[in-house]
Each structure stands twice: as structure tokens, then as C-alpha cells.
Amino acid sequence: MSNAAILTEMRGLFRRKRLVAAAIPAMILTYLVYIFFAFGMPEMMRTADTKNARILVSDSYSYKTHVTRDNRSGDIQIAIEGERKGRYDAGISPSWVTLGETTEILLDKGHIVLFGPEEIRYDIPGYGLVTANPGRGGVNVQLPGGDVPDWINASKNRLTITTAAGRLTITRNRSEVFRYFTGWELFFFTLDSPYHRMGLSEVLGKAVSGEAGAIWQDFWTNKMWRHSDVAWAIFETILMAFLGTVGAALIALPLAFLAARNFTPLGAARFAARRLFDFLRGVDGLIWTVVLSRAFGPGPLTGALAILITDSGTFGKIFSEALENVDDKQIEGIRSTGAKPMQRYRFGVIPQVTPILLSQILYYLESNVRSATIIGAITGGGIGLLLTQAIITQKDWEEVTYYIVLIVLMVMVMDTLSGWLRRRLIHGKPA
Amino acid sequence: MADTTFQAGSLSEMQTGYARLIRTRRMWNGAMLALFIALLVAGFMTADARNAGGFWNGIDNVFDFPVEVIGEAWEKSHLLPGHFAKYFPSLVETINIAAAATLVGVMAGAILSLLSTRGLARWPSLVGLFRRVSDILRAIPEIVIALVLIFVLGAGPVPAMIAIALHTAGAIGKLYSEVNENASLKPVEGLASVGANWSQRMMLGIVPQVAPNYLSYALLRFEINIRASAILGFVGAGGIGYDLKNAMSWGQGKFDEAAAIFILLFAAIVLFDQLSSYARHRLTTGART
């Protein structure tokens, strides 16, 4: 070949390479642009609720306490997050509320709200005093002079003041103040527990002096956070993954022998076993979950069976491939001692494939802990159920955050555990 | 080991010693096995007790629902082609969610993996940080992100796509960094010596070495993501899973539609599994025909 010919060929190759190098990113970009419009992203961005996002974020790390006055009877009620489970008993108040004929509510930054017998007063530093006389003729608001700022919303029958320190809402029948706090409310003890008002050192002191059982009882049966239910749910999720994975492995192992070329000379049996695995895998966890929850109802068993059936197919395929790759020499050696087929499998084959099978089972166990969370949300069992329930209420975002943290920790612990077991069992290394 | 246990002794001594060792080992193995089986049985009983309908009550009904669905689909088999056409766009949406999520997730994961591989990292002191990032992304199940995003963005395919993409980025970040560790550093050094910056070194020095492995893992991930996207549809993220949920909740009389969706989903999963396993086989063995 002449130099010129080589040169043209080379140039051609380079041109092709450049074209390909430009074409692939262009294709990816085109596809993403298509997705952008096919998924209706411009529409979604317009309608996306930034208010929801704000609620979600602020609620996940803070909570509010409601102080509510019934304007007709004059009764005052204080409740954390406005929930019945977080309500203070009558006559008892947190330190920033002074009950009396005129109830004084101290908010942050020097803001003070007074619930008087007739008049509601809110003293806003830097703005002035707002008074209201809720009654028959509306809320009768008197604002300091000047323009009404946009954080005050006053009409005949309703007054809403939203400041950085809190929020006051007055209607004819009700006056309500929200005060915001950082943290998760009543995480350890609810208000009905004697330990609620104690500091950590005090509780520890009580625990040492013999009240540890009672303290644990109060924490464990916390009505707001339901620690014992959550612990059960986590356990159920892990149980689903464990039963599903191990059960699948136990079912798949004998079937895998049937599907392996070197153990089953009979073509028809091999074909049947392989198609069975393909079918189990192809039908997919979702469909199995739906079908099984019809038969068994919601609960952890349904989830475990769904994992079991799907993974039987996967394990069958992986195991039969591992069996096809075993070394024949060891089996020959066992055979030469006069071993029967079962003994040949037991001593010639199983020791060879055990490390592969174990490591696969452990891999699937850790990934199934994640799947069990999702399947639990569909069948109704375990932490997945609690999570979906908390999300559906659309207000308990602190609980959602708590569950997410727990799920992530659970998955990470399972990852570490299975990695440690893999190293111990397979490589015989002390971890 | 053996020579330290039984020093110069007679044959019978060795035999009894060996038999003793075997006995203790068998006993331990037997005990472990018994414990394991007890654990399994106890676990099964617990799960059974906490299930709404017990295992033994339900076992008879396992085939009721499939039989009902198949029966109805058989009766109305002339309607099936129409249902296929009706639900095909949803199937495309499910596959699109998986494909877009895989694409975005793999690209993010590849960058994450390069940043968290010792010897290649842009900022060597931050290797640990990027590893933790991919650990956390991997640990969060897709459904968590999907449900939270549905609250903020509204129901639709985008929350599912973002959720799957994030999980994919974490999983790929780990897999690819294991691949990167086996890449030769010589091309990188060569590129560095002519003044290439970090992204050029990675694109030209590392990516060509690892591209077949990258592609093969990405295809495997795509298979997984199709399944994940179908499942997320079931909790309200659009696609064929959502249609399946609706068809199921209509109950009897509409099971022909559920059957059509089952068949579509099954066919899609099998098709993409086969395609990707063929492509992966070609990538790993390098067959060119």
C-alpha cells in the first residue's frame, strides 16, 4: 500500500471516530430533550408546589405548639402539633405560657401575645400593638397606623399575623397562637410521662436508682412515635428479606442441579427447569406481590413469599451456572472411592460451589432488605407500610424523616453485616 | 496444624484424634444447622401470625386470582389487542422512566466512581466523602425518594425517574469504582505529562479502558430499573404500574385489562432481559460477527 493510500485510510478512520464521538453525546442529549417534554417537565415545574416543599423541610426538623382559646367559653388549650396525643392537661402549661385571667404567651424575640377576658393583644416589637375584640361583629381589629404590612392579613371575620416568632390567627370563635421549636417533639417521653420534664442527667439518675424499667416502659410505649411498633416494623422487614432469600435458595438449589448441563443429561428436564426459572424471573416481583397479596392478605408473609418466588428464579439461574463451572476432577476423585451419586454431590460438588452460592445469597439478602421495604409498602407490612402511612397524612414529616433515617441505617447495617459474613465464611479471614 | 495437634504418636492415637476432631466439627455443624432451621421456622411462624390471612388458609387461594384473571381474559380474548394498544403508551412511559434514570444515574455514578477511586480522584482527600455519598444514595430505597417527591412535584413520571436515578448513581458509583481500580494508570500518567487536565485524563485515559465493563453494568442496571419503574408506578408514579393498580382496583369484570397489562409487562421484561444479556455477552467475550 502506498503512503498516500494509508494516509487516506487513516483520515477516513479518524473522521469516523470523530463522528461517532460527536454522535453519542448528541443522541443522549436528544433523548433527554425528548424525555423532558414527554414527561411534561415544563408543566410540572409550573405546578410544582414549593409550599409543600417548604412544609416538608421545616416540619422535618421543627415542630409547633398550638395555644388555642375558645372565644366564647374562654377555655385555653395547649397542644403540641395540635394533636390530642400531645395535649397538656388543663391547668398545666409550658414555661413560656402563664395561665390566668389574662393568659400571657411569650414568643421568641420579645413578641408577647395576651389572651385577655375580652381583648386579644399582640405586641410586635418594631411595629406596635395589635388588639382584637372577637365577638358578634367580627374580630374588630385595631392596627397601629400606617400601611398594613403583607404579613398581616386582616378582614372582618379573620385576622392572621405571621411573623418569624410565630403565628396568630383570630376568628370570631377561636384565637390561636403557634410557637415554633427546633427538634422532634416528645421523641422520648410524651406529656403524660413523669419523665417528660426531666433533663437527661435527672432521668439517668432515676434509672440508676431503680426506675429503669418504668423509664423504658414510658419510652417504648410513646404514643406519638410508637417506638415499639417501629422496631417491630423494622424487624418484619428484615424477616421478610431473610425468609424470602433463604427460602428461595433452598428451593433453587435442587432445581439448579436439574438445570445444569453436567448433572442432567436429560434435555427435556433441563429445558423445563430453565424455562421455569425464566418464568419466575420474568413475571417480576410486582406481579407476584399483587397475586400473592390477593391470596394471603396484607402482612409480612406475603412479602416474604413474593421475594421467595422471584428470587427462586434468579438463584436457579445463578446456581445452575455455578454448577456448570465446577471442576470435574474432584468429583472423579470422590467417584474413585466408590461414592454413590448423593455422596458425590455432597463431597465433590457442594464444597466447590458453597463460596459462590453463599456470597450470592448474602448479596441478595442485603438487596432484598431494600426490596422488602418497597414490597411492604404494596402488601402492607413492615417499615414500608409505616412510611407510606406517614407520607399519606401529609403532615407528619418528622416521622417520615425518622423512618427514612431508620431505613438507611437498617440497610447500611445489613450491608456491613453481610460484608463481614462474606469475608468470614468465604475467605476465612477474621474481619 | 495437624503436626502440632498430634505429635509423633502411634497410628491409633492419630485415628482417635482425627475421629474426635471430626466428631466435634460435625456436632458444631449440626448445632448450627439446627439453630438455623429453628430460626427459619420461628421466622415463618412469626410472619404467618402477623399476616392478615394465614399461610394455610391462603395456600388454597393462590391460584384463584390467576385463574379468575386468565378465565376472564380468555372469555374476552377478542378485546386483548385493543387493551394492548391502550396500555402500550404506559409501557413506553415505564421504559422511558427506566432508560432516562439509567442514563442520568450512570453518568452521575461514573463521575462519582472516578472521584472515589484512590489514585484517580480529583481531590484525593475527599475520596472517603464521595464513597459515603454513594453508600447513602445506594441505601435509600427508591420508594422513599419517589413518595416524598410525589408530594412536592405531584404524581407523574418525574419523581420515579429522579428516585431511580439517585439509587442508580449510588449503586453504579460503587460498581464502577471497583472497575476503575483495575484500570492501568499508565495512560493517565502519559496524559498528565502532556498537560491534560483531570477530566481529559479521565475521558481519554480511563474511560476507553473500562468502557466495555461500564456498558455491561449499565445494561444490567437498565434491566433492574425497568422492574423498579414498574413497581414505583404502583405507588403512584405513572407508567404501567399505575394502570395495573387501577385495573386491579376496578375488580372483577375488568380483569381482562389487568391480564393485558400483565402480559405487556412480562413481554417487556423478558425482551429487555434477552436483549441486554445478548449485548453483555458480546461485550464481555468480544465476539464480532
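Which residues of β6(A) lie on a covered face, and which on an uncovered one? Select β6(A): the covered face holds A:Ile120, A:Tyr122 and A:Ile124, and the uncovered face holds A:Arg121 and A:Asp123. In a regular strand the side chains alternate between the two faces of the sheet.

**Before going further**

This is a predicted model, in which local features need pLDDT of at least 70 and side-chain atom pairs count only at pLDDT 80 or more, while totals for chains, interfaces and linings use all residues. Residues are numbered from 1 along each chain as its sequence is written, and chains are lettered from A and ligands numbered from 1 in the order in which they are written. Helices (H or I, at least four residues) and strands (E, at least two) are DSSP runs, numbered from the N terminus.

**First selection: the whole of chain A**

Chain A contains 11 helices and 12 strands. Its C-alpha atoms fill a box of roughly 100 × 80 × 45 Å along the principal axes. The radius of gyration of chain A is 33 Å, whereas a compact globule of 431 residues would have one near 22 Å. That radius is taken over C-alpha atoms, and the globule rule is 2.2 Å times the number of residues to the power 0.38.

Of the 431 residues in chain A, 33% are buried. A residue is buried if 20 or more other C-beta atoms lie within 10 Å of its own, exposed if 12 or fewer, and partly exposed in between, with C-beta atoms placed from the backbone. Among contacts in chain A between residues at least 6 apart in sequence, those that join residues at least 24 apart make up 58%. Two residues are in contact if their C-beta atoms, placed from the backbone, lie within 7 Å.

Two strands pair if DSSP finds at least two bridges between them.

Begin with strand β4 (residues 103–106) of chain A, which pairs with β5(A) in the antiparallel sense over 4 bridges. In this pair, A:Leu106 stands opposite A:Ile112. The hairpin of β4(A) and β5(A) has 5 residues between the strands, and A:Lys109 takes a positive phi near 55° there.

Now highlight strand β5 (residues 112–115) of chain A. A:Val113 and A:Phe115 are on its covered face, A:Ile112 and A:Leu114 on its uncovered one. A hairpin through 4 residues joins β5(A) to β6(A), and these strands pair in the antiparallel sense over 4 bridges. A:Tyr122 is the bridge partner of A:Val113, and A:Asp123 stands opposite A:Ile112.

Continue to strand β7 (residues 128–132) of chain A, which is joined to β6(A) by 5 bridges and runs antiparallel to it. A:Val130 of β7(A) stands opposite A:Tyr122. The hairpin of β6(A) and β7(A) has 3 residues between the strands, and A:Gly126 in the turn has a positive phi of about 85°.

Another open sheet of 6 strands in chain A has the order β2-β1-β12-β11-β10-β9, with antiparallel pairing. Why is one side of β2 and of β9 left without a neighbour in the sheet? β2 (76–80) and β9 (152–154) of chain A stand at the edges and each has a single partner strand, so one side of each lacks a neighbour. Within the sheet, strand β1 (residues 62–70) and strand β12 (residues 174–182) of chain A are joined by 9 bridges and run antiparallel. To see one such place, select A:Thr68, which stands opposite A:Glu176 in β12(A).

A:Asp284 lies in helix α6 (residues 267–296) of chain A. Its phi is near 80°, a positive value in a residue other than glycine. A:Asp284 is buried, with 22 other C-beta atoms within 10 Å.

**Last selection: where the chains touch**

Show both chains: 49 residues of chain B are in contact with 52 residues of chain A. The side of chain B that touches chain A has 34 nonpolar, 10 polar and 5 charged residues. In this division Ala, Val, Leu, Ile, Met, Phe, Trp, Tyr, Cys and Pro count as nonpolar, Asp, Glu, Lys and Arg as charged, and the others, Gly among them, as polar.
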